[in-house]
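Thanks for asking me to look this over.

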Amino acid sequence: MTIAGFILTALGCVLFAAVGSVLVYSFAAATIGLTIGAEADLATYLVSRYVDTPKLSRAIASMWMLWSWGGGIGIFIAGHLFGLSGSYVYPFWLFAALHAN
C-alpha cells in the first residue's frame, strides 16, 4: 500500500505539471489528498506495530514533526522555484521525482 501511495502521489504531481484541464486538475488534487491522508494513517499504524509501547508516543511525535518540517520546506522550495520560473510546473516535476524514488 505504501508504494502504491507514493506512485499515486507522484502521478498526481505529474498530472498537475503536464496537463491543463480543470477535470484533470481535480482528479490530481483528489489523488494527492487521498494518498497523503492514507499515508498518514498507515504510517501511524505501522509505527505502533514496530515500536514498543513506552517509546510509542515519542516515535509518533518524531514522525509527525519530520512530516511537518517536510511540508514547510516543500512550500518554501515550491515558492522559490515559482519565483525563479514563474510557473509551478517545475516544483510539481521535482515533487513527482522525489516521490518516485
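1. How many helices and how many strands does the secondary structure of the chain come to? The count is four helices and zero strands, and along the sequence they follow the pattern α-α-α-α. Please keep in mind that this is a predicted model.

2. For the overall dimensions, the C-alpha trace spans about 50 × 25 × 20 Å along its principal axes. Of the 101 residues in the chain, 23% are buried. Among contacts with a separation of 6 or more, 48% come from residues 24 or more positions apart.

3. Now to a helix pair worth a look on your screen. The axes of H2 (residues 22-50) and H3 (residues 53-85) come within 9 Å and cross at roughly 155°. Because angles over 145 degrees count as roughly antiparallel, H2 is roughly antiparallel to H3. Their crossing is right-handed.

4. Which residues meet there? H2 brings Ile-36, Glu-39, Ala-40, Ala-43, Thr-44, Val-47 and Ser-48, and on the H3 side they meet Leu-56, Ala-59, Ile-60, Met-63, Trp-64 and Trp-67. By type, the contact divides into 10 nonpolar residues, two polar and one charged. An α-helix has 3.6 residues a turn, so residues three or four places apart point the same way.

5. A few words on H3 itself. Its 33 residues reach 48 Å from the first C-alpha to the last, close to the 48 Å expected at 1.5 Å a residue. Ile-60, Met-63, Gly-74 and Ala-78 are buried in H3. Just after H3, Gly-86 takes a positive phi of about 80°.

How values were computed. Residues numbered from 1 in each chain as written. Predicted model: local features only at pLDDT ≥ 70, side-chain atom pairs only at ≥ 80, totals over all residues. Heavy atoms only, no water. Axes fitted to C-alpha atoms, helices over the stretch in contact; angles between N-to-C directions. Helix = DSSP H or I, 4+ residues; strand = E, 2+ residues; numbered from the N terminus. Parallel < 35°, antiparallel > 145°, perpendicular 65-115°, else oblique. Left-handed = near helix turned anticlockwise from the far one by under 90°. Contact = heavy atoms within 4.5 Å. Nonpolar A, V, L, I, M, F, W, Y, C, P; charged D, E, K, R; others polar. Expected span 1.5 Å × (residues − 1). Buried < 20%, exposed > 50% of the residue type's maximum accessible area, 1.4 Å probe, protein only.
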